[in-house]
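Work through the exercises below with the model open beside you. Try each task before reading its solution.

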Amino acid sequence: MITAPILHTERLILRSFTLEDAADVKRLASDPDVAPATYFIERSYEEGAAEEWIWWCHEWLEDGERANLAITLRTDGTLIGTVELTFRIHLPYNDAALGYWIGKPYWNCGYATEAAKAMVAYGFREHDIDLIYADYSKQNPASGRVMQKIGMHYAYDLSEDDMIRYRILKSEFAEK
């Protein structure tokens, strides 16, 4: 089984998910305040759904389609969320979509910004892509602030979904 590289930040370790993470994924993603804030968590996780999603994370990585990483605290390894890049490398595209969510007990601590910036750096450094974009719901402006803090800028509204798209070019990203 292929695993993603381990990324280290000041306070976090980003790593591949393991089946041991399933209970924490289910608990954090099932929070009624977390799921509506993201567009890819639609409902509470049913029995076995977290394990299946973790299995898919490894399949997507192996196929080169997506890199989903567990966001864990550097101090004790506690799982607090996920960050991902979904790659579009077929012409005319050469970009990736950034996505993330953080469990509610860890909101407003800067973890999403720290993880997102590390993932964008990884994407530009390790993959031949020119642009990374991310979408957020107008009902979740905190996610838009994360995008701004990592250097992304407004691209356009996706009005049919009440979403806003931000983006950053490889030439604009300054890894610090």
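Predicted model: local features only at pLDDT ≥ 70, side-chain atom pairs only at ≥ 80, totals over all residues.

Residues are numbered from 1 along each chain as its sequence is written, and side-chain values use heavy atoms, with hydrogens and water left out.

**Exercise 1. T72**

Solution. 
- Step 1. Locate the residue. Helices (H or I, at least four residues) and strands (E, at least two) are DSSP runs, numbered from the N terminus.
- Step 2. Check accessibility. Buried means under 20% relative accessible area, exposed over 50%, and partly exposed in between (1.4 Å probe, protein chains only).
- Step 3. Look for a polar contact. That is a pair of N or O atoms within 3.5 Å; within protein, one must be able to donate a hydrogen and the other to accept it, and residues adjacent in sequence count only if both atoms are side-chain atoms.
- Step 4. List the contacts (heavy atoms within 4.5 Å). Beyond four places in sequence, T72 touches R11, L12, I13, R15, G77, T78 and L79.

**Exercise 2. Y166 and its partners**

Task: describe the setting of Y166 and name the side chain that joins Y166 in a polar contact.

Solution. 
- Step 1. Y166 sits in strand β8, residues 163–169. Its relative accessibility is 8%, so Y166 is buried.
- Step 2. The side chains of Y166 and Q148 are joined by a polar contact of 2.7 Å.
- Step 3. Outside the four places on either side in sequence, the contacts of Y166 include I132, Y136, M147 and H153.
- Step 4. R15 is 151 residues from Y166 in sequence, and the two C-alpha atoms are 25 Å apart.

**Exercise 3. Aromatic pairs**

Task: count the aromatic pairs and classify the one formed by F124 and F173.

Solution. 
- Step 1. Apply the rule. Rings of Phe, Tyr and Trp (its six-membered ring) pair if their centres lie within 6.5 Å; planes under 30 degrees apart count as stacked, over 60 as edge-to-face and the rest as tilted. The count is six pairs.
- Step 2. F124 and F173 are 5.8 Å apart centre to centre, with 50° between the planes, and the pair is tilted.
- Step 3. F124 lies in helix α3 (residues 111–126) and F173 in the segment after β8, so this pair ties together parts 49 residues apart in sequence. Both F124 and F173 are buried.
- Step 4. Turn to Y154 and Y166. Their ring centres are 6.3 Å apart and their planes meet at 85°, so the pair is edge-to-face. Y154 is in strand β7 (residues 153–158) and Y166 in strand β8, so parts twelve residues apart in sequence are tied together.
- Step 5. Y154 is partly exposed, because its relative accessibility is 44%.

**Exercise 4. The tryptophan cluster**

Task: which residues do ring pairs link into a cluster?

Solution. 
- Step 1. W55, W56 and W60 form the cluster.
- Step 2. The charged end of R66 sits over the W60 ring, 4.0 Å from its centre.

**Exercise 5. The cores**

Solution. 
- Step 1. A nonpolar core is a set of buried Ala, Val, Leu, Ile, Met, Phe, Trp, Tyr and Cys residues joined through side-chain atoms within 4.5 Å.
- Step 2. The largest has 44 residues, and L14, V83, L98, M119, I132 and M152 touch the most other members. Helix α3 gives the most, with ten residues.
- Step 3. Another core of ten residues lies apart from it, with V25, I54, C57 and L79 among them.
- Step 4. In α3, 13 of the 16 residues are buried.

**Exercise 6. N108**

Solution. 
- Step 1. N108 has a positive phi of about 65°, although it is not a glycine. Most residues other than glycine have a negative phi.
- Step 2. N108 lies in the loop between β5 (95–102) and α3. Its relative accessibility is 82%, so N108 is exposed.

Conventions. Lys NZ or Arg CZ within 6 Å of the ring centre and 35° of its normal.
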